[in-house]
Amino acid sequence: MMNLKLSSNKGNFKETCDLLAKNCPEFEEKYSNLTNFTSHLIQDELVNLSAESIRSKITKEIKCNKVFGIMIDEARCFKEEQMSVCVRYTVGLNVVERFLGFVDVSENQNADSLCAKIFEFLTENQLDKYHIVAQSYDGASVMSGKFNGVQSKVKNKFPYAIYTHCMAHRMNIVVIDMCKIVKESRIVFNTIESLYKHFSHPTKNKTLVTMHRKLGVKISKINSLSDTRWNCRWKNCESVVYNY
């Protein structure tokens, strides 16, 4: 088992504690004890307490305005479907956006279930007393549907909740369509997709890895292209530029 005291990477929490101990004698005295309260359970508890404190401050800021907007997106983490919830409101004359938390929606992803989870999460954070005046999601029908989507169900409860298609998602759609229409970019990405299919075969991939090691080149993978994740296209271009 690796000795953490000799490790060059103890993790963000303990590395931060080491840095603080060098500059704070009182903290160093407690931290050097055999029982120094740095276990994973303590770390999780500290994170949860910090999150509760931040959410409480956000709720107090929204309380002053009585109105706010919500921004929601879904992401898959391993076998779980997570929904990220952000709020947008004003503090004085400044517009701020704050992340509130993740909601597990693995059980069901239809509009009724997602909407129920949103309201349940807002109630848990004492935001159900205030009015939603804006909502922003991606263009998926389950979220943006005018009659049966989440946006319409939120409007049933908050009639002034104006729906806006997320600008980042709209920009992604524009870029994807551009790549398909412009001949030069279409050829580039079709070639990269062909490289992915060729080297995704285990035998050919092993040969590629062996070549990388012999040439002393940093191994970087090419992933399958996705129309909803522009990031994978940029990473693939970078891999081709530096390694092929």
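Guide: Contact here means that heavy atoms lie within 4.5 Å. With that in hand, take the contacts in the protein chain with a separation of 6 or more: residues 24 or more positions apart account for 51% of them. Keep in mind that this is a predicted model.

Visitor: What is the protein chain built from?

Guide: Ten helices and five strands.

Visitor: What makes you call the protein chain more spread out than a compact globule?

Guide: The globule rule gives 18 Å for 244 residues, but the radius of gyration is 24 Å, well over that value, so the protein chain is more spread out than a compact globule. Its C-alpha atoms fill a box of roughly 65 × 60 × 40 Å along the principal axes.

Visitor: How much of the protein chain counts as buried?

Guide: Of its 244 residues, 31% do. The protein chain exposes about 17200 Å², and carbon and sulfur atoms supply 58% of that.

Visitor: Why is L100 called buried?

Guide: Buried means under 20% relative accessible area. L100 has 2%, so it counts as buried. You'll find L100 in strand 3, residues 94-104. Leaving aside its neighbours within four places in sequence, L100 is in contact with R55, I58, V85, C86, V87, F121 and L127.

Visitor: And why is T59 called buried?

Guide: The relative accessible area of T59 is 9%, and that is under the 20% cut-off, so T59 is buried too. T59 lies in helix 3 and touches N125, Q126 and L127, not counting residues up to four places away in sequence.

Visitor: How many salt bridges does a search of the whole structure find?

Guide: Three.

Visitor: What makes R55 and E52 a salt bridge?

Guide: A side-chain nitrogen of Lys or Arg has to be within 4 Å of a carboxyl oxygen of Asp or Glu. For R55 and E52 the closest N and O atoms are 2.9 Å apart, so the pair passes. Both lie in helix 3 (residues 40-65), three residues apart, about one turn of the helix.

Visitor: Are R55 and E52 buried or partly exposed?

Guide: One of each. R55 has a relative accessible area of 18%, under the 20% limit, so R55 is buried. E52 has 47%, between 20% and 50%, so E52 is partly exposed.

Visitor: How do you know that E97 and R88 form a salt bridge?

Guide: Their N to O distance is 2.3 Å, and that is within the 4 Å limit, so the pair counts as a salt bridge. E97 is partly exposed at 44%, and R88 is partly exposed at 38%.

Visitor: What about K153 and D112: why is that pair a salt bridge?

Guide: The closest N and O atoms of K153 and D112 are 3.0 Å apart, again within 4 Å, so this pair counts as well. The pair links distant parts of the chain, 41 residues apart: K153 in helix 6 (residues 150-157) and D112 in helix 4 (residues 111-124).

Visitor: Why is D112 called exposed?

Guide: Exposed means over 50%. D112 has 51% relative accessibility, so it counts as exposed. K153 has 21%, between 20% and 50%, so K153 is partly exposed.

Visitor: How many positive and negative side chains are there?

Guide: The protein chain has 34 positive and 26 negative ones, and the centres of the two sets lie 6 Å apart.

Terms used: Residues numbered from 1 in each chain as written. Predicted model: local features only at pLDDT ≥ 70, side-chain atom pairs only at ≥ 80, totals over all residues. Heavy atoms only, no water. Helix = DSSP H or I, 4+ residues; strand = E, 2+ residues; numbered from the N terminus. Rg over C-alpha atoms; globule rule 2.2 N^0.38 Å. Buried < 20%, exposed > 50% of the residue type's maximum accessible area, 1.4 Å probe, protein only. Areas by Shrake-Rupley, 256 points an atom, 1.4 Å probe, with all protein chains shown as cover. Lys, Arg positive; Asp, Glu negative; His and termini not counted. Charge placed at Lys NZ, Arg CZ, Asp CG, Glu CD.
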